[in-house]
Amino acid sequence: MPLLLWFRFAPIHIPATRRLQTFAVMFWTVFPAVCLFLFFFCLSKPVLWPILIPYLIWVFFIDDAPNSGGRPKDWIRKNKYFEFFGGYFPVSLIKEADLPADRNYVFGYHPHGIIGIGAVANFASDATGFSTAFPGLKPHLLTLSSNFYVPFFRDILMSVGICSVSYKSCKRILNSGKGSSLTIVVGGATESLSAHPGTADLTLRRRLGFIKLAIREGADLVPCFSFGENDIFAQLSNEKGSQLHTIQKNFQRIFGFTLPLFHGRGIFNYTVGLMPYRHPIITVIGRPVSVVQKAKPTIEDLRDVQGRYIEELMRIWEEYKNLYSKNRIRELNIVD
């Protein structure tokens, strides 16, 4: 009985829209596992091998689309599914400046959160109206190259413009014409370990690669901050120096990614599960930081641009924190 009292169950009668929103987020969360299950199921059927074997050869040895802008389909990015996906939290976008389509842009997304939900809703779909806010821009959200070795899942990623975060991929996107843009979740796996509700601890100081890329390719940098990204999951305490944090960092060094130990709500309860909590995510897309194109930027060039980038990011935080981060337990902190 005490356990039942501890659980908060979702009511039976709720609007159909909320059910569809929950399904949309659940589907995105489990979709990689579903794709793997479907692949191994098909692999167990010899009759399907004449299809699977050429497909695997294509994936591993021929197809370079993950490094060439993917295969984005506008009708998929604008599909009703993503409206339900973004509406679950909900995710919204605040535009602070026009971004002319005669320039190229590198968006820096902060914070990473556990799985970067706001980045998907804003830059891998049109759920928050990106195409209306920034007409003429062609957005590409970037992720680890390893995601494109998951059969079937890779094809869905590329259909919404998600591409590899490799340098070759970035360079090709930015050289594909005016209005090309890419979004890098700058903090990466390291920052996900700092994703605790009420905090904004960013891994940014040593991240100069995306700044060097922008200078080399002559693309303006656009800082983005998503209030609420760290609030949709709770993570086990893993302070720097703790045994858990040490294990997670060692895992990251070996495999290239890490595993935050987190929980959210369930599908039919509000207490525990792997579904994110319904918490608003407000993404503020700041003013562009202009760069002067240089083939070989010096460390002084990098630090100058980084300084202006951080200054704009801090301005966003200071201007909006009292509106959208009322539950914060400390201020934005650049930890590394």
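Leaving aside residues up to four places away in sequence, Q21 touches F84, G87, Y88 and R278; contact means heavy atoms within 4.5 Å. The model is predicted, so local features need pLDDT of at least 70, side-chain atom pairs count only at pLDDT 80 or more, and totals for chains, interfaces and linings use all residues. Residues are numbered from 1 along each chain as its sequence is written, and side-chain values use heavy atoms, with hydrogens and water left out.

Q21 is found in helix α2. Helices (H or I, at least four residues) and strands (E, at least two) are DSSP runs, numbered from the N terminus. Is Q21 buried or exposed? Q21 is buried, because its relative accessible area is 11%. The scale is simple: buried means under 20% relative accessible area, exposed over 50%, and partly exposed in between, with a 1.4 Å probe and protein chains only.

Turn to the sheet. It is open, has 5 strands in the order β1-β10-β7-β2-β5, and its pairing is mixed. Two strands pair if DSSP finds at least two bridges between them. The edges are β1 (91-95) and β5 (181-185), each pairing on one side only. On average, neighbouring strands of this sheet are turned by 20 degrees against each other, direction ignored. For such angles, axes are lines fitted to C-alpha atoms, for helices over the stretch in contact, and angles run from 0 to 180 degrees between N-to-C directions.

Now follow β2. Strand β2 (residues 105-110) is joined to β7 (residues 220-227) by 6 bridges, and the two run parallel. Y105 stands opposite D220 in β7. F107 stands opposite V222, also in β7. β2 also runs parallel to β5, with 5 bridges between them. There, V106 has L182 of β5 as its bridge partner.

How many of the residues of β2 are buried? The count is 6 of 6, so β2 is mostly covered under the cut-off of under 20% relative accessible area. In a regular strand the side chains alternate between the two faces of the sheet. In β2, Y105, F107 and Y109 point one way. V106, G108 and H110 point the other way, and all are buried.

Helix α11 (residues 209-217) packs onto this region. Its buried residues are F210, I211, L213, A214, I215 and E217. They pack against β2, α9 (167-174), β5, β7 and α13 (299-324). After α11 comes G218, with a positive phi near 70 degrees.

Next, the charges. Side chains of opposite charge can pair when their charged atoms come close. A salt bridge is a side-chain nitrogen of Lys or Arg within 4 Å of a carboxyl oxygen of Asp or Glu. A search of the whole structure finds 20 of them. One joins E96 to R315, with the closest N and O atoms 2.1 Å apart. This pair links distant parts of the chain: E96 is in the loop between β1 and β2, R315 is in helix α13, and 219 residues separate them. Both E96 and R315 are buried.

K294 and D301 also meet in a salt bridge, at 3.1 Å from N to O. K294 counts as partly exposed because its relative accessibility is 37%. D301 counts as buried, because its value is 19%.

D304 and R308 form another salt bridge, with the closest N and O atoms 3.6 Å apart. Both lie in helix α13, 4 residues apart, about one turn of the helix. An α-helix has 3.6 residues a turn, so residues three or four places apart point the same way. D304 is partly exposed, with a relative accessible area of 44%. R308 is partly exposed too, at 31% relative accessibility. Elsewhere, D63, R71, R154 and D155 are linked in a network of salt bridges.

A nonpolar patch of about 1,100 Å² is made by L36, F40, L43, W49, I53, I57, W58, F60, F61, I62 and Y149. Patches are made of residues with over 30% relative accessible area and no salt bridge; like charges are joined within 9 Å, and nonpolar side chains (Val, Leu, Ile, Met, Phe, Trp, Tyr) within 5 Å. The areas come from the Shrake-Rupley method with a 1.4 Å probe; for residues, only the protein chains shown count as cover.

Which helix gives the largest share of the nonpolar patch? It is α3, with 7 residues. Both α2 (16-43) and α3 (49-62) supply at least two residues of the patch. F40 lies in α2.
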